[in-house]
Amino acid sequence: MSTRSAAPAAPPAAAPSLTPVFVRLKLSLLRNGLRQSTGRTLAYVASVVVGLLFAAGAMAGLIALRGNAHIGSLAVLLTGIVTLGWAVMPLFFPTGDETLDPTRLVMLPLRPRSLIVSLLTASLIGIGPVFTVALVTGSVIAVADGPVAAVVGVLAAILVVLVCVSLARAVATASVRLLTSRRGRDLAVLGGLFIAIGAQGVNIAATKLGRPDGLSALEPVGEVLRWVPPASAISAVQDAGQGAYGRAVAGLALTALALALLLWWWQRTLTTVMTSPDSSTLQAAGKDSGRSSQPGDRGLARLLPGGRTGPVMLRMMRYAWRDPKTKMAWAMAIGVGLMVPVVSSLQGNGTIYTSFSASALLGMQMYNQFGQDTSAFWMVASTISTPRDAYLELRARAFTLALVAVPFVTVVVAGTAAFIGPWSDFLEVYGLSLALLGALLATGALASALFPYSIPSEGNKNVAPGQGSIAWFSLFGGIVVGSLLSSPMLALTLWLHLADLHGLLWILLPVGAVYGVLIAQLGLRVAAPRVARRLPEILQAVSKG
Amino acid sequence: MANEPEHIGQRSESAPPENGAATSQGEPQGASRGDAVQGGATAAGGGAAAGPPAVRIQGLWKKFGDQIAVNGIDLTLPAGRFIGLVGPNGAGKTTTLSMVTGLLRPDAGVVEIGGHDVWRDPVAVKSRIGVLPEGLRLFERLSGRELLGYMGRLRGLPGDEVDKRAGQLLDVLDLAGSQNKLVVDYSTGMRKKIGLAAALLHNPEILFLDEPFEGVDPVSAQTIRGVLERYTGSGATVIFSSHVMELVESLCDWVAVMAGGRIRADGPIAQVRGDAPSLQNAFLELVGAQGRGAGQNLDWLGGGAR
């Protein structure tokens with residue numbers, strides 16, 4: 001009862017500042033995220049260390065390049081890339097920062113203007129901002145020359161960091177509708193693909209820039225970017241050092257203007273998001289917006305065989321298109337399978353044997369078949385009562401893979417033969433590829449039965465926590481066994497070469513194709529009774545996460 | 001399947017369940033259905049009241065780590081009844097149903113469905129049962145109609161028959177308007193209904209439903225109820241888990257009460273209720289949670305100064 005008198009005080013005259021509250025919220029979220037498991041703490045600490053090392057390295061590298069003729073362009077380009085990163089990050093990692101989601105604050109009596117300042121301050125905490133500060137500081141030091149440039153540089157560094165952070169915030173707020181909807185989450189899963197492609201781009205760019213005088217390639221890009229905020233602030237530092245004060249002021253002003261515009265846009269979208277109905281309400285009021293029964297689809301579906309095989313294949317194909325995780329796995333397999341021969345031929349050291357990547361990557365799609373079903377596997381499990389059912393299920397899945405893999409392997413091997421050559425090796429490599437594909441289908445079926453693991457449907461992870469070793473064992477062991485299984489074909493090839501029977505190398509194609517079919521068939525036969533026996537165990541393994 | 005489930009469900013909650021009549025009805029049908037029916041594609045509904053019990057469980061036992069989820073259950077459930085498996089959260093209902101339906105391997109014990117061992121004779125069992133599990137997903141990237149088409153064909157039914165049945169089920173369950181929408185965009189009630197449709201598609205003798213009314217709005221709940229009552233009316237068996245006693249009392253003619261991984265009571269509903277004023281009271285007494293009211297510590301709640 002005594003506490004009662006303390007509670008009902010009238011609303012304080014001046015509302016306390018929100019900023020410390022949000023800063024504490026951010027820190028608590030970070031801390032609690034780490035408290036969940038030691039593994040996560042270790043991962044976080046490791047990523048911090050790596051991030052800091054990388055930032056320090058980049059900073060040191062930039063400072064070491066001070067005085068280089070092209071350093072201005074490089075610094076401007078780096079700033080541009082970092083800004084781009086900040087802009088797209090909330091789209092691909094929407095769950096990365098919970099304070100980024102303004103819809104969580106909707107129920108609180110908060111004004112957008114005070115909210116913006118607090119949120120901005122809170123988002124300056126984290127590895128991302130530290131990394132950005134390091135990089136921007138490095139860039140500024142690298143291009144600054146003289147006391148005026150130093151002053152401009154401090155201003156520029158602050159402006160760039162603020163622009164980056166508020167850009168991320170504004171983009172996140174503007175796209176929160178998209179990100180909290182199902183379609184948005186689907187898109188986020190595909191984020192990994194963009195990162196993989198981006199990494200390839202960086203890889204190629206780095207090798208180009210690494211050549212002597214490679215930096216001069218940056219000049220035209222730098223010329224454009226130097227007027228794009230926030231990179232214009234960095235070029236302003238250089239201009240100030242060279243005495244071009246007018247250009248320096250213009251560069252700084254452009255960035256400041258961009259910051260003001262961003263904050264204004266952010267405040268506007270924040271107000272809209274916090275005062276209008278969210279997607280769940282809109283969706284409930286919506287109509288049957290689904291796909292009407294597509295006549296074309298039905299026509300193609302009619303070509304599929306009856307019984308269990310057709311429906312399973314149709315479901316697999318629908319999932320390959322509609323399920324983001326499955327789509328991503330297919331895109332990765334096809335993309336990387338193509339990329340390996342293409343990249344190696346661009347680098348000039350390609351052989352026709354790089355086209356094995358096509359059958360290797362597509363064959364690996366057979367691994368963890370039931371994990372791809374997630375816990376919906378119970379629907380499959382409840383219709384499998386004999387090894388024959390399991391065999392038909394596995395065979396239908398292998399058929400679906402082969403339906404894509406065989407034409408794809410054909411195209412890649414033929415393309416590699418055409419561009420890298422020689423054509424004389426085409427039949428041999430094609431035959432070996434088909435044998436490898438069959439071997440991987442066989443081991444994949446067996447691994448699906450013996451080492452199933454969950455694929456979490458949200459986020460970028462492909463293995464549920466605690467099942468990483470199963471996944472590695474399944475894939476790695478499978479590849480070793482798959483290679484062993486194709487070794488008879490390899491032995492035959494070697495023998496034909498060593499015995500100087502080059503005229504007979506063409507038989508590798510029919511032999512390889514037949515061998516592939518037989519070994520895949522054998523694998524399915526061996527795996528099927530194990531699947532039928534282990535249904536509850538498989539279901540349990542694929543239902544985690 | 002006709003399209004008017006609405007005529008059912010108007011009786012008062014305390015009246016004795018109509019389905020009691022189903023036991024006597026079920027007998028001739030059960031004889032025609034018998035033991036030898038394989039494949040589950042038979043058109044007639046009905047359970048074998050005179051034959052073996054719907055479910056016979058002996059010494060069923062399951063442990064997860066240190067926690068014993070199901071602690072030696074012996075239970076016989078008669079055919080042709082509407083049976084409720086009730087218990088508080090964490091009582092082991094889901095674990096039990098998963099083991100009975102062959103989705104989870106027990107550590108020990110025997111489960112027979114219609115006289116067939118679930119683990120030794122899956123062919124006879126899987127075609128006879130329909131399952132709607134709780135906490136497991138559906139193939140959500142299919143539309144409602146595609147999901148039913150897929151499941152029916154996986155069950156070995158001819159394609160035309162599957163499409164006909166799917167259309168009727170979608171109509172009766174009030175899903176026809178959303179049949180082309182992906183299941184991932186369905187609400188909880190719609191998911192339960194499409195799951196129920198998938199479980200009924202092959203006209204099973206025994207239907208196992210884990211929390212079919214959980215998170216379902218009253219309209220969908222009434223639809224589900226109507227379909228289930230029609231289904232048991234034809235002599236089939238429904239076994240469903242729930243912790244809503246009023247629902248169980250109004251729907252079921254047989255209950256099994258579970259708590260702490262054991263069966264505390266089972267039998268016809270009147271017998272389990274005993275002298276207690278309602279099943280709710282009888283249940284609270286059985287699980288030993290009677291008289292745990294709100295304490296004195298919340299005296300500041302409501303009224304007076306804030």
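Trainee: Hi! In which loop of chain B is Asp174(B) found?

Mentor: Asp174(B) sits in the loop between helix H5 (159-172) and helix H6 (188-200) of chain B; helices here are DSSP runs of H or I of at least four residues, strands are E runs of at least two, and both are numbered from the N terminus. Bear in mind that this is a predicted model, where local features need pLDDT of at least 70, side-chain atom pairs count only at pLDDT 80 or more, and totals for chains, interfaces and linings use all residues. Residues are numbered from 1 along each chain as its sequence is written, while chains are lettered from A and ligands numbered from 1 in the order in which they are written.

Trainee: Thanks. What is the phi of Asp174(B)?

Mentor: Asp174(B) has a positive phi of about 65°, although it is not a glycine. Most residues other than glycine have a negative phi.

Trainee: And how exposed does Asp174(B) count as?

Mentor: Asp174(B) counts as partly exposed because it has 17 C-beta neighbours inside 10 Å. A residue is buried with 20 or more other C-beta atoms within 10 Å of its own, exposed with 12 or fewer, and partly exposed in between, with C-beta atoms placed from the backbone.

Trainee: What about Asn203(B), buried or exposed?

Mentor: Asn203(B) is buried, with 23 other C-beta atoms within 10 Å. Asn203(B) lies in the loop between H6 and strand S7 (206-210) of chain B, and its phi is positive too, near 50°.

Trainee: Switching topic: why is helix H2 of chain B called largely enclosed?

Mentor: Eight of the eight residues of H2(B) (residues 93-100) are buried, so the rest of the structure largely encloses this helix. Among them are Lys93(B), Leu97(B) and Val100(B). Just after H2(B), Gly102(B) takes a positive phi of about 85°.

Trainee: Over to chain A. How many helices and strands does it have?

Mentor: Chain A has 24 helices and zero strands. Of its 545 residues, 39% are buried.

Trainee: Where is the kink in H23(A)?

Mentor: At Ala527(A), shortly before the proline Pro529(A), with a kink of about 25°; the bend is the angle between axes fitted to the seven residues ending there and the seven starting there.

Trainee: Last one: how many residues does each chain bring to the contact?

Mentor: Chain A brings 31 residues and chain B brings 29, where contact means C-beta atoms, placed from the backbone, within 7 Å. On the side of chain A that touches chain B, H15(A) gives the most, with five residues.

How values were computed. Two residues are in contact if their C-beta atoms, placed from the backbone, lie within 7 Å.
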